[in-house]
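I opened a new page for this one.

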Amino acid sequence: MIIQTSRFGEIEVDDTRVIRFPKGLLGFPRYREYVLIESGDEATFWWLQSVDMPELAFVVTDPSLFVPTYQVPLRRDQLADLGINEPEDAQVFVIVNKQDNLLTGNLQGPLIIHVAKRMGEQMVLSDRRFTTRVPLVELPTPVEAMSA
């Protein structure tokens, strides 16, 4: 399958890599199919690219890389909706945002993906320990040009 992206141009992806979000993502219910685009073998961040809208893509990451204590409390009905029987069936991602020189993660709205079935859902957690802007990484400040 060939998909158009605003960041990477036209890319070819195997149909088996398409992740379906039956409810869409928060704020984007019409767009339900995405692919993960890796930036390298040891990627920490990925692009979650919409299959249907070239301009719609999110930077995502595995929150456990930054917040080791982070866990998503899922109810049985939520697990059943995604066909998740074992915790190993699921992969958790969070959407990353950039504010000035800080990368933050939306730990209140994680993406839960059934890896084998390529099915996902964005949850909204009521746990107030995690917000939509949890600091993940502080980026280095660009060096200002020196004047002569």
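**Ground rules.** I'm working from a predicted model, so local features need pLDDT of at least 70 and side-chain atom pairs count only at pLDDT 80 or more, while totals for chains, interfaces and linings use all residues. Residues are numbered from 1 along each chain as its sequence is written, and side-chain values use heavy atoms, with hydrogens and water left out.

**H114.** I found H114 in strand 9, residues 111–114 (strands are DSSP runs of E, at least two residues, numbered from the N terminus). Is H114 buried or exposed? H114 counts as buried because its relative accessibility is 5%, and buried means under 20% with a 1.4 Å probe, protein chains only.

Next I checked its side chain. A polar atom there lies 3.2 Å from the backbone oxygen of G83, and the side chain also reaches the backbone nitrogen of A116 at 3.4 Å. Beyond four places in sequence, I listed L82, G83, I84, D89 and M119 as in contact with H114 (heavy atoms within 4.5 Å).

**Largest pocket.** I noted about 320 Å³ of space here. Of the 16 lining residues, V72, L74, P87, A90 and V92 lie nearest the centre. A pocket is an open set of points on a 1 Å grid over the protein atoms alone, where a 1.4 Å probe fits, with protein on both sides within 12 Å along at least five of seven lines; lining residues have an atom within 4 Å of a point. Strand 7 (residues 90–99) gives the most to this lining, with three residues.

**Second largest pocket.** I wrote down about 220 Å³. Its lining includes R17, W46 and R118. Strand 4 (33–38) and strand 7 each supply at least two lining residues.

Conventions:
Helices (H or I, at least four residues) and strands (E, at least two) are DSSP runs, numbered from the N terminus. Buried means under 20% relative accessible area, exposed over 50%, partly exposed in between (1.4 Å probe, protein chains only). A polar contact is a pair of N or O atoms within 3.5 Å; within protein, one must be able to donate a hydrogen and the other to accept it, and residues adjacent in sequence count only if both atoms are side-chain atoms. Grid points are joined across faces, edges and corners, and a volume is the space filled by probe spheres set on the points.
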